[in-house]
Amino acid sequence: MGIKVKAMERNVSFDKNSEKWAYVMQAELYSKLPASKVIQEAATRSGINRGAINAAWSAIGEVIKTWATEGHSVEVPGLGTMRFGLRSMAVADVSKVSSDLITSRRVIFTPNVEIKNELARTSVNITCYDRNGNVVKQVTSGDGGNVEEPVEPENPDVV
């Protein structure tokens, strides 16, 4: 199994009077697995009682939430670290600094090297759909992360 990607032909023109069609890729979203399924799988793999894993799962979630809201970067075992952050506008005058400058609050996840390497080794399956929803091409990677040979740019001076 690999990462499923769909490439949809879409009008990418910003000019309302003209069209520019291009294939836009995005990963297909899978269903959200409920915590109960994850807990059951962890109990099966570890041999630990499901109730004990459920209690630990809840406790770990609370600890991560508490420490992250205190400003810590918290390790998620086997995956990486997460922390809270924000985006904000900048001002030159210190008297104008306020929480009104914050435009969004974010959860920032930084994967560890092992998970990055696993992602690089995971195959990618791309299905291309034209503007009418018809499948026009399918591509599957079979090597170390490359889907196929890189396409030469139409204009070599533009990267």
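**Exercise 1. Find where Ser141 sits, and decide whether Ser141 is buried or exposed.**

Step 1: Strands here are DSSP runs of E with at least two residues, helices are runs of H or I with at least four, and both are numbered from the N terminus.

Step 2: Check the cover. Ser141 has a relative accessible area of 7%. Buried means under 20%, exposed means over 50%, and partly exposed lies in between, using a 1.4 Å probe and protein chains only. So Ser141 is buried.

Step 3: See what the side chain of Ser141 reaches: the backbone nitrogen of Val124, at 2.8 Å.

A quick word on the model: it is predicted, so local features need pLDDT of at least 70 and side-chain atom pairs count only at pLDDT 80 or more, while totals for chains, interfaces and linings use all residues. Residues are numbered from 1 along each chain as its sequence is written, and side-chain values use heavy atoms, with hydrogens and water left out.

**Exercise 2. List the residues of the largest nonpolar core, and say which element gives the largest share.**

Step 1: Know the rule. A nonpolar core is a set of buried Ala, Val, Leu, Ile, Met, Phe, Trp, Tyr and Cys residues joined through side-chain atoms within 4.5 Å.

Step 2: The six residues are Val5, Ala7, Val124, Ile126, Cys128 and Val139.

Step 3: Both E1 and E6 give two or more residues to this core, and E6 has the largest share with three.

Step 4: Pick out Val5 and leave aside its neighbours within four places in sequence. Its contacts (heavy atoms within 4.5 Å) include Met25, Ala27, Val124 and Ile126.

**Exercise 3. Follow the strands from E3 to E5 and see how they pair.**

Step 1: E3 (residues 74-76) and E4 (residues 80-88) are antiparallel and joined by three bridges. Val76 stands opposite Gly80 in E4.

Step 2: These two strands make a hairpin with three residues between them, and Gly78 in the turn has a positive phi of about 80 degrees.

Step 3: Next, E4 pairs with E5 (residues 102-111) in the antiparallel sense, over nine bridges. Across that pairing, Phe84 stands opposite Val107 in E5.

Step 4: Stay in E5 for Phe109. Phe109 is partly exposed, with a relative accessible area of 41%. Beyond its neighbours within four places in sequence, Phe109 is in contact with Leu79, Gly80, Thr81 and Met82.

**Exercise 4. Describe the chain as a whole: how many helices and strands does the protein chain have?**

Step 1: Count three helices and seven strands.

Step 2: Read along the sequence, and the pattern is β-β-α-α-β-β-β-α-β-β.

Step 3: Finish with burial: 14% of the 159 residues count as buried.

Technical notes: Polar contact = N/O pair within 3.5 Å; in protein donor to acceptor, adjacent residues only side chain to side chain. Pairing = 2+ DSSP bridges.
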